[in-house]
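Me: I would like to learn how to read the features of a protein model, one at a time. Please give the general idea before each case.

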Amino acid sequence: MNPESRPTDSTPDWHRLEAAEVATQVDTGLESGLAHAEACKRLAEHGANVIAEGKRRSPWLMLAGQFTDFMIVVLLAAAVVAGVVGEPQDSIAIVVIVVLNAVIGFMQEYRAERTMAALRRMGAPHARVLRDGEVRDVAARELVPGDLVLLEAGNIVPADLRLVEAARLKIQESALTGESHPVDKQLLPIEEDDTALGDRTNMAYKGTVVTYGRGRGIVAATGMSTELGRIAALIQLAGEGQTPLQRRLAHFGRRLAVAALGVCAIVFVAGLLRGEPLILMFLTAVSLAVAAIPEALPAVVTVSLAIGARKIASRNALVRRLPAVESLGSVTVICSDKTGTLTRNRMAVARLWSGVTHDGEAASVPKEQPWPRLMRAMALCNDAEEGADGTLTGDPTETALHAAATEAGCAKASLAAGLPRVMEVPFDADRKRMTTIHRDGDRYLAFTKGAPESVVGRCTRMATADGDEDIAGDAVLAEAERMAVDGLRVLAVAERAWDRRPADEDPETIETGLTFLGLVGLVDPPREEAAAAVAECMSAGITPVMITGDHPVTARAIATQLGILGEDDAVIDGVELARLSGDELRERAGRTAAYARVNPEQKIRIVEALQAGGEIVAMTGDGVNDAPALHRADIGVAMGRSGTDVAREASHLVLLDDNFATIVVAVREGRRIYDNIRKFVKYAMTGNLGEIWTIFLAPFLGLPIPLLPIHILWVNLVTDGLPGLALAAEPAERGLMRRPPRPPQESVFARGMWQHIAWVGLLLGGVCIAVQAWAYTTGDAHWQTMVFTVLALSQLGHAMAIRSERDSLFTQGIGTNRPLLGAVVFTLALQLAVIYVPWLNGIFHTQPLTLGELALCLALSCVVFAGVEIEKALIRAGVLYRER
């Protein structure tokens, strides 16, 4: 069975049919949707609701790709020629080592691909559907024809839908039609033949974006049968581009390759002048090139970033774009929403005010007017839904209002039966309010809720125990501010009676002449871990900034409680922000830690002002209008629980738990990953340079070529392989979050790294040349095995020494990176086997060392380790690399 939905040739013109007729044709219920069992059956029949992707590289192609490097091909060809004209045993050994190297490279790439595929599955879109009469959240790929899908602002339409309900629904269809303006949707069938996609206003198409309102639609087509599927060739997934670090390393690697090839040519010529065999010198030169040219560095970065992304995902942060992992370590400012990110997002009604204050349980709200009118409005001007088990779903603010109204005896379901909703004006960030209109016998009632300053100004009357009176707006707003001072999120609630249903759906018409009913104060306490995360940010040189749509007084109370704001620090509200010029905002942004009553469009100005000041900005968001700010930020962070599809698509990172502390965890992990990439580069480049110096200098000192090709390749396999990879598992260094962020344009070789590579590489080569000179001039027949052993074991000591850039290994503890310790012990065992196992002596051209020779090799192999420990002591003393 093809796993993807298949197009059919006889697709009905769904837009020309009545909604009921569509429901009949696809055999679904407009009130209950499909049964779960029927949905499973249709999924098997129609296939997954996915667009066909371009083929990804198969494992076989990954493995074959390990042999496409030019120098690898040259080495294999040379080994074959050498086997024909010389010793086939040497050639076979070289080929085996090259194949083993390729297998390790394949395993790295395959592991990275598997990891990224798992992360893509975690980030797969979901949809809300009605099945068995209940609202369910399902993976969008599981949608089938006949499913009843619920849409709201911020959703990406998951399949082609014939709309059956549309409440001021607007959909941005530019992905399909190129039309930049959102399309108003309606439900009536369209009779015209050959109607263009953009004119099918009763349809919603896969891949388009709901920008306003809400609706429901019957799935008419899925996967490749959708309109998007028909043009799938235009949206085939492109391969992931390289990260900035990969590009820098690839550029460096190309320049280093030129230098390495020059050295190899000199080694080849020098060997011939000494009378060495042509085939041997050619194999030696090519083997040195294979070992010295760091063609695998970008691939290693991919593996490290992918494994790091998986670890970040285990900490509730899903990386959507791989470069974000390396960028996390450079973040200097985290702009965070308040609700749900810094706070628990567990709203509860804590205080009510309707002329007098009620601080107790909602169940004890007085039964006298105007309290019943207030509770009724709280229940009906509300999109929260109650499941069969009593569980509430919806926005946390609305579930809190729903629960309070129910406790007060105003259950939404029973009220809605007598006052059915017939119209609505959905909430938007500009108006900061929403309205629902209900039929009440022969008349209509409109209920409005929103920000006090948005609602109170539209009220002319106020409900009291003695009836409706003229409103004292200033007094009401003063009470709202007093509630906000206590850290409450405050909403105003109002109503209006209509003799007939409003003909004009314009909010300016409907939301006027209101009667004020009361204020609702909701409490959303800060997360317990948020204050500690804020403190950790500050110690790491990262400035936390709170951005909220709440009242400035509420913003100040919460920000001060969390330690974001000092007592004398200013809060900028949206009105003041709108008055600031670009230059003024840039000047203020650098010293402002809290913004209130900010709309999503203003978030972009805040991001741009901070970036203009040289900051690297992470910005959180959850709404459809947050997407531009998330895209503009250096790290866009979307909410996994409360966020919209559009926000998630625009983001680099998705918080699966909507928790500010998780951003800090991701930043810490990003710093650790970047540190470990530096350690691998330092380790590999130092070892390669040591090998080059060893082979390059020997002929000029009158010494024979110190290493055979198989020795070079073996060292490259066992030392650059297992220990190098194990460095990726190094735990975070002490003080990781007490140092300033890394400048984003900083070279990977900065902070003393290139100096380390240069002098330690020279030291490593010098030690190897010294042991060769001593053993060769004293007539020790084992001189080549001793050089081979010192080179291999010195690199193992180097791997252990560079686990930290500052701390001694003995401070860290030898066993705190068990994978690396295991790799070092295993590599040491392999090296000893090559020396002492008789049948391996013939393959590797080694001789068993005496106890004294082995002791000397072990002692000399500690020179590099000791040198690096001295270097770190000087760093701690402030003598070396003080720019750090």
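The dialogue below takes up strands, sheets, helices and cores in this predicted model.

Me: How many bridges join strand β19 to strand β20, and in which direction do the two run?

Reply: Strands of a sheet pair through backbone hydrogen bonds, either parallel or antiparallel. Here β19 and β20 (residues 514–523) run antiparallel and are joined by 7 bridges. Within that pairing, Ala 494 has Phe 516 in β20 as its bridge partner. Strand β16 (residues 443–450) is also antiparallel to β19, again through 7 bridges, and Tyr 444 stands opposite Trp 498 in β19.

Me: How many residues of β19 are buried?

Reply: Of the 10 residues in β19 (residues 489–498), 7 are buried, so the strand is mostly covered.

Me: In what order do the strands of the open sheet lie, and which stand at the edges?

Reply: The open sheet has 8 strands in the order β8-β26-β25-β24-β9-β21-β23-β22, with mixed pairing. The edges are β8 (317–319) and β22; each has a single partner strand, so one side of each lacks a neighbour in the sheet. One of the pairings is parallel: 3 bridges join β25 (residues 635–639) to β26 (residues 653–655), where Met 639 has Leu 655 as its bridge partner.

Me: Which residues of helix α21 are buried, and where do they lie around its axis?

Reply: An α-helix has 3.6 residues a turn, so residues three or four places apart point the same way. In α21 (residues 582–589), the residues Leu 585, Arg 588 and Ala 589 are buried. They lie on the same side of α21, because they cover an arc of only 95° around the axis. Their cover includes β22 (572–573), α20 (574–579), β23 (594–596) and α22 (600–612).

Me: At what angle do helices α16 and α19 pack?

Reply: Helix α16 (residues 473–485) packs against helix α19 (residues 552–562) at an angle of about 10°, and their axes are 7 Å apart. The angle is under 35 degrees, so α16 is roughly parallel to α19. At this contact, Glu 481, Ala 484 and Val 485 in α16 meet Val 553, Thr 554 and Ala 557 in α19.

Me: Which residues have the most contacts inside the largest nonpolar core?

Reply: They are Val 267, Leu 288, Leu 707, Trp 714 and Leu 820, in a core of 56 residues. Helix α29 (residues 783–801) gives the most to this core, with 12 residues. A second, separate core has 53 residues, including Cys 537, Leu 562, Leu 653 and Val 667.

How values were computed:
Residues numbered from 1 in each chain as written. Predicted model: local features only at pLDDT ≥ 70, side-chain atom pairs only at ≥ 80, totals over all residues. Heavy atoms only, no water. Buried < 20%, exposed > 50% of the residue type's maximum accessible area, 1.4 Å probe, protein only. Helix = DSSP H or I, 4+ residues; strand = E, 2+ residues; numbered from the N terminus. Pairing = 2+ DSSP bridges. Core = buried A, V, L, I, M, F, W, Y, C linked by side-chain atoms within 4.5 Å. Arc of directions from axis to C-beta. Contact = heavy atoms within 4.5 Å. Axes fitted to C-alpha atoms, helices over the stretch in contact; angles between N-to-C directions. Parallel < 35°, antiparallel > 145°, perpendicular 65-115°, else oblique.
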